[in-house]
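Work through the exercises below with the sequence and the model side by side. Try each task before reading its solution.

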Amino acid sequence: MKITSILLTGLSLSLCLAACSNQAEKPSSPGYEMDRQADIAGTASVIDGDTIEIHGQRIRLSGFDAPERGARCGAINVYQKASLALADMIGMHTVTCFSQGTDRYGRIVATCSVKGVDLGHELVRKGWARDWPQYSQRAYAEDEVSARANARGIWGLDCPGDLWGERTYD
């Protein structure tokens with residue numbers, strides 16, 4: 001193995017270790033080959049409840065949907081709550097993503113994890129997002145059922161019927 005010196009400016013050592021390592025963490029979702037390498041890893045900025053940015057690249061988290069800008073359940077800004085919940089999960093940890101392509105806006109669509117935990121599972125389980133079966137193949141369906149049954153996040157609030165706009169989740 002050839003060792004190359006790398007100038008690190010503004011990057012944490014953990015970022016380099018995750019991005020440069022052959023042992024990138026795999027999300028806990030089914031369907032990933034055990035030897036597959038992460039497409040992108042690094043410190044993430046949260047854009048909203050289902051979008052992050054790593055190294056200047058926008059990443060749409062795959063398979064679930066979080067409330068859109070301006071969404072409210074009574075006095076509660078659920079768009080902000082979902083975004084903050086995602087930010088809390090990520091913290092200053094390295095986020096590891098496995099790309100599934102790009103969306104119509106040119107964003108990378110990916111399943112991402114922190115410390116091997118799929119961000120989608122956590123956000124849906126906590127009730128700040130919902131499974132989107134046409135994209136997830138129901139990967140987060142049980143998490144949503146649990147969140148609804150336990151009135152977590154949006155499922156415990158008085159939300160309007162049009163919270164999700166014209167989207168369908170069948």
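**Exercise 1.** Find the partner of Arg 148 in a salt bridge and describe the setting of the pair.

Solution. Step 1: the side chain of Arg 148 meets that of Glu 144 in a salt bridge, with 2.8 Å from N to O. A salt bridge here is a side-chain nitrogen of Lys or Arg within 4 Å of a carboxyl oxygen of Asp or Glu. The model is predicted: local features need pLDDT of at least 70, side-chain atom pairs count only at pLDDT 80 or more, and totals for chains, interfaces and linings use all residues. Residues are numbered from 1 along each chain as its sequence is written, and side-chain values use heavy atoms, with hydrogens and water left out.

Step 1: Arg 148 and Glu 144 are 4 residues apart in helix α5 (residues 141-149), so about one helical turn separates them. Helices (H or I, at least four residues) and strands (E, at least two) are DSSP runs, numbered from the N terminus.

Step 2: Glu 144 is buried, at 8% relative accessible area, whereas Arg 148 is partly exposed at 40%. Buried means under 20% relative accessible area, exposed over 50%, and partly exposed in between (1.4 Å probe, protein chains only).

**Exercise 2.** Are Arg 107 and Asp 103 buried or exposed?

Solution. Step 1: Arg 107 has 19% relative accessibility and counts as buried. Step 2: Asp 103, at 18%, is buried too. Step 3: the two form a salt bridge whose closest N and O atoms are 2.6 Å apart.

**Exercise 3.** How many salt bridges does the structure hold, and which residues are linked with Asp 50 in a network?

Solution. Step 1: there are 7 salt bridges. Step 2: Asp 50 is linked with Arg 60 and Asp 65 in a network of these bridges.

**Exercise 4.** Name the residues that touch the most other members of the largest nonpolar core.

Solution. Step 1: such a core is a set of buried Ala, Val, Leu, Ile, Met, Phe, Trp, Tyr and Cys residues joined through side-chain atoms within 4.5 Å. Step 2: among its 33 residues, Ile 52, Ile 59, Val 95, Cys 97 and Cys 112 touch the most other members. Step 3: helix α2 gives the largest share, 6 residues.
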